[in-house]
Amino acid sequence: MIPAVVYAIPAFVLLVVVEALSYRFLPDDDERGYELRDTVTSMSMGAGSQVVAMPWKAVTIVLYAAVFAVAPWHLSPSSAWTWVLLLFGDDLAYYAFHRAHHRVRVLWASHVVHHSSLRFNLSTALRQSWTPMTGLPFWLPLALLGVPPWMILLQQAFSLVYQFFLHTERVERLWRPVEWFFNTPSHHRVHHGSNDVYLDRNYGGILIVWDRLFGTFEPEGVRVVYGLTKNIGTHNPVRVAFHEFAAAWRDVRAARCWRDRAGYLFGPPGWAPGGSVVTGQDLPHVQ
């Protein structure tokens, strides 16, 4: 089975080119635009993520199907209410996934890839993890609720396509009701900021209402500084993909007791013995 998002890749690449040309002919001193090495790295990460996604998607389908088979009821794809439930259920699952991947270091090690660019443009959306396995548990409850596995995968693809368009500085704030209910480029710029005020904010996928409900919303105010609180200084895709796993392993090996080892893996990014969080480590710059 070919993941639905693969069909959108040609459009993604074309839009990256269009946005890059817009900076060439309509430059804006307040926007960082594109840099060749950064863009190539983002594209490389995106290509690698699709290579990994192919076999992993097969595993995911089997596990979704197994859970769906034991669900107490099966929801009908022909019912509009099933799709409405799926929209909200998938987006809530994404919020939980996203928040956990910012607050648990071993999960952050996978997600940090997406936040490693110092720029924010449509190519940044393609800078994806090569270790997608950490996301599986967050969507299994939808299968247990009786949502057919193919519907879950399709909605995930819709969400990813929607989020592609959030990665741009070329769009300012939208109509106020849209900004209130939906995730927008303005909200997502906050999410990618390394400013203290923007850390761990705006986790939503399609909707921003979860952040408003759960106290993680922050509006765009001061100029966003993109990247990590401690940037990795490399365009090597392999290092981008695995640098935080390597850093976590070094900390675990150096730890003096099992409690500290667990803290380095399951505590928040920047956790240190004693329960403190060390400022200046690879904290979520905002994802």
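Student: What covers the buried residues of helix 11?
Tutor: This is a predicted model. In it, the cover includes helix 4 (105–111), helix 10 (237–254) and strand 1 (271–272).

Student: Which residues of helix 11 are buried?
Tutor: Asp-260, Gly-263 and Tyr-264. Helix 11 itself spans residues 258–266.

Student: Where do they sit around the axis?
Tutor: On the same side of helix 11, because they cover an arc of only 95 degrees around the axis.

Student: And which residues are exposed on the other side?
Tutor: Trp-258, Arg-259 and Phe-266.

Student: Switching to His-101. Where is that one found?
Tutor: In helix 3, which runs over residues 80–103.

Student: Buried or exposed?
Tutor: His-101 is buried, because its relative accessible area is 1%, and the cut-off for buried is under 20%.

Student: What does the His-101 side chain reach?
Tutor: The backbone oxygen of Phe-97, at 2.8 Å.

Student: Which residues does His-101 touch, leaving out those up to four places away in sequence?
Tutor: Leu-107, Trp-108, His-111, Thr-134, Gly-135 and Phe-138.

Student: Zooming out. How many helices and strands does the protein chain have?
Tutor: Eleven helices and two strands. From the N terminus, the order is α-α-α-α-α-α-α-α-α-α-α-β-β.

Student: Why call the chain as compact as a globular protein of that length?
Tutor: Because its radius of gyration is 19 Å, close to the 19 Å that the globule rule gives for 287 residues.

Student: What box do the C-alpha atoms fill?
Tutor: Roughly 55 × 50 × 35 Å, taken along the principal axes.

Student: How many of the 287 residues are buried, as a percentage?
Tutor: Buried residues make up 49%.

Student: What about the accessible surface of the chain?
Tutor: The accessible surface comes to about 14,100 Å². Carbon and sulfur atoms account for 69% of that surface.

Technical notes
Residues numbered from 1 in each chain as written. Predicted model: local features only at pLDDT ≥ 70, side-chain atom pairs only at ≥ 80, totals over all residues. Heavy atoms only, no water. Helix = DSSP H or I, 4+ residues; strand = E, 2+ residues; numbered from the N terminus. Buried < 20%, exposed > 50% of the residue type's maximum accessible area, 1.4 Å probe, protein only. Polar contact = N/O pair within 3.5 Å; in protein donor to acceptor, adjacent residues only side chain to side chain. Contact = heavy atoms within 4.5 Å. Arc of directions from axis to C-beta. Rg over C-alpha atoms; globule rule 2.2 N^0.38 Å. Areas by Shrake-Rupley, 256 points an atom, 1.4 Å probe, with all protein chains shown as cover.
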